[in-house]
Amino acid sequence: MLCGGVRAAVNGRTNILSFPRLRPSSSSPFKFFYFPSTTRLYAAQSQPSINMSAGSPPEFIEHIVLFKVKPDIDPSKATAMVNNLSSLASLDSVLHLTAGQLLRSRSSSLTFTHMLHSRYASKSDLDAYSAHPDHVAVVNNYVKPIVDDIMAVDWVASGAGAVKIPPGSAMRVTFLKLKEGSGEDEKNEVLGVIGGIKEKFPGIEQLSFGENFSPGRAKGFSIASVAVLNGVNELEGLDAEPEAANKQKDLVRDKLDGVVVLDYVVPPPQTASL
């Protein structure tokens with residue numbers, strides 16, 4: 001299904017550690033990616049159970065879908081797609097959902113125009129969202145007719161913070177592709193290097209990071225992250241230290257075969273029913 005659905009079982013849970021620093025440099029597909037200096041290692045844990053208790057940070061399922069709207073499409077059709085995707089926030093299985101046009105795409109190899117971000121209490125709730133007749137209707141009537149390309153990634157977020165993200169918040173979304181033949185050691189090293197970024201950049205209000213468990217529509221990208229900031233000014237502040245960015249990205253450059261980086265601003269909620 002285009003906008004959701006878990007089609008593969010997961011062998012383990014991925015912890016949320018932190019988010020990569022992003023900053024342009026003169027060349028390479030990793031020019032917007034920043035890796036902080038840290039020695040903490042990523043730890044794969046046992047089968048996940050979503051914890052929504054008040055005594056600890058909530059755990060939830062992250063679901064991000066990227067859309068590339070055809071260039072010759074009437075803008076009103078793109079608006080209708082966004083509005084109808086946003087209306088799915090009312091479904092019982094959805095904890096949080098936002099959809100809209102991207103602020104910018106920082107990647108040249110894959111160019112997307114719009115994004116949907118949603119959160120669920122469990123993988124079964126994500127499945128329920130995917131199979132819901134309202135979702136199916138939106139996909140068939142408003143999404144499929146106008147898009148050229150689509151990409152989706154799902155992961156378990158642990159201790160990332162509040163489930164709902166306020167309107168006006170800025171998000172930096174990063175997808176990473178490990179080099180072919182990479183094993184657990186390489187994956188854990190990359191995830192370990194990424195750890196600790198929130199401590200270095202207090203402008204990041206929330207971090208969500210994990211290993212994709214739905215590979216079917218992810219184009220080979222296996223690691224995803226979201227950094228949430230108060231607004232665009234704070235988002236731009238992530239790019240303030242190019243020398244540090246260039247130095248730290250070298251720590252894992254040889255382990256990565258691709259990076260997609262996107263910026264997005266959470267739009268205001270729908271004011272009218274669709």
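Which residues in α1 meet which residues in α3? A80, M81, N84 and L85 in α1 meet V138, Y142 and V143 in α3, where contact means heavy atoms within 4.5 Å. This is a predicted model, in which local features need pLDDT of at least 70 and side-chain atom pairs count only at pLDDT 80 or more, while totals for chains, interfaces and linings use all residues. Residues are numbered from 1 along each chain as its sequence is written, and side-chain values use heavy atoms, with hydrogens and water left out.

**Helix packing**

- Helix α1 (residues 75–87) packs with helix α3 (residues 133–143) at an angle of about 175°, and their axes are 10 Å apart; helices (H or I, at least four residues) and strands (E, at least two) are DSSP runs, numbered from the N terminus.
- Axes are lines fitted to C-alpha atoms, for helices over the stretch in contact, with angles running from 0 to 180 degrees between N-to-C directions.
- The two helices, α1 and α3, are therefore roughly antiparallel to each other, a term for angles over 145 degrees.
- The residues of the contact of α1 with α3 comprise six nonpolar, one polar and no charged, where Ala, Val, Leu, Ile, Met, Phe, Trp, Tyr, Cys and Pro count as nonpolar, Asp, Glu, Lys and Arg as charged, and the others, Gly among them, as polar.

- Strand β4 is joined by six bridges to β6 (residues 114–120), and the two run antiparallel.

**H114 in strand β6**

- H114 lies in strand β6, and Q101 stands opposite H114.
- With a relative accessible area of 7%, H114 is buried, that is, under 20% (1.4 Å probe, protein chains only).
- Leaving aside neighbours within four places in sequence, H114 is in contact with residues including V65, F67, A78, M81 and Q101.
- The side chains of H114 and T113 are joined by a polar contact of 2.7 Å, meaning a pair of N or O atoms within 3.5 Å; within protein, one must be able to donate a hydrogen and the other to accept it, and residues adjacent in sequence count only if both atoms are side-chain atoms.

Methods
Pairing = 2+ DSSP bridges. Parallel < 35°, antiparallel > 145°, perpendicular 65-115°, else oblique. Buried < 20%, exposed > 50% of the residue type's maximum accessible area, 1.4 Å probe, protein only.
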